[in-house]
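Dear colleague,

Please find below the structure that I am handing over to you. My notes on what was found in it follow directly after.

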Amino acid sequence: MTDATRDWEQEHASGKLDFLDRPHEQLRHAVIACMIAQHAPGEVIDLGCGRGHQLLWLPPRDVTRYTGVDVSATALAALPQSAIPVETVVSTI
């Protein structure tokens, strides 16, 4: 199956992508947040953001705006609440 034919809505809704909640994936997001902090403050565009796991790791003092882009409206609807202003875009990258 190619990315063009994947049913991203179904994969998010069914929990097939829940592995992204695991600690080793969260560690990756923590490292990325540290790298972003080195260039802060500023805006973040998260391409292929899924359910916004990266957003959880971004401190509001470092990020002035977060734009999450994903092909799945189901995933974007699950973005966590944040003190950072958030915009979502349903689109392929």
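Two strands are taken to pair if DSSP finds at least two bridges between them, and the elements themselves are DSSP runs numbered from the N terminus: helices (H or I) of at least four residues and strands (E) of at least two. This is a predicted model, in which local features need pLDDT of at least 70 and side-chain atom pairs count only at pLDDT 80 or more, while totals for chains, interfaces and linings use all residues. Residues are numbered from 1 along each chain as its sequence is written, and side-chain values use heavy atoms, with hydrogens and water left out.

The sheet

Strand E1 (residues 42–47) is joined to E2 by six bridges, and the two run parallel. Within this pairing, glycine 42 stands opposite valine 63 in E2, and valine 44 stands opposite tyrosine 66. A further five bridges, again parallel, link E2 to strand E3 (residues 86–90); here threonine 67 has glutamate 87 of E3 as its bridge partner.

Burial and the core

The largest nonpolar core has 10 residues, among them Val44, Val63 and Tyr66. Such a core is a set of buried Ala, Val, Leu, Ile, Met, Phe, Trp, Tyr and Cys residues joined through side-chain atoms within 4.5 Å. Leaving aside neighbours within four places in sequence, valine 63 is in contact (heavy atoms within 4.5 Å) with Ile36, Gly42, Val44, Leu58 and Ile84.

Two individual residues

Leucine 47, in strand E1, is exposed, with a relative accessible area of 53%. Beyond four places in sequence, leucine 47 contacts Val69 and Ile93. The C-alpha atoms of leucine 47 and isoleucine 93 are 6.9 Å apart in space, although the two residues are 46 residues apart in sequence.

Glutamate 25 lies in helix H2 (residues 23–37) and is buried, its relative accessible area being 12%. Not counting residues up to four places away in sequence, glutamate 25 touches Phe19 and Leu20.

Yours sincerely

Definitions and conventions. Buried means under 20% relative accessible area, exposed over 50%, partly exposed in between (1.4 Å probe, protein chains only).
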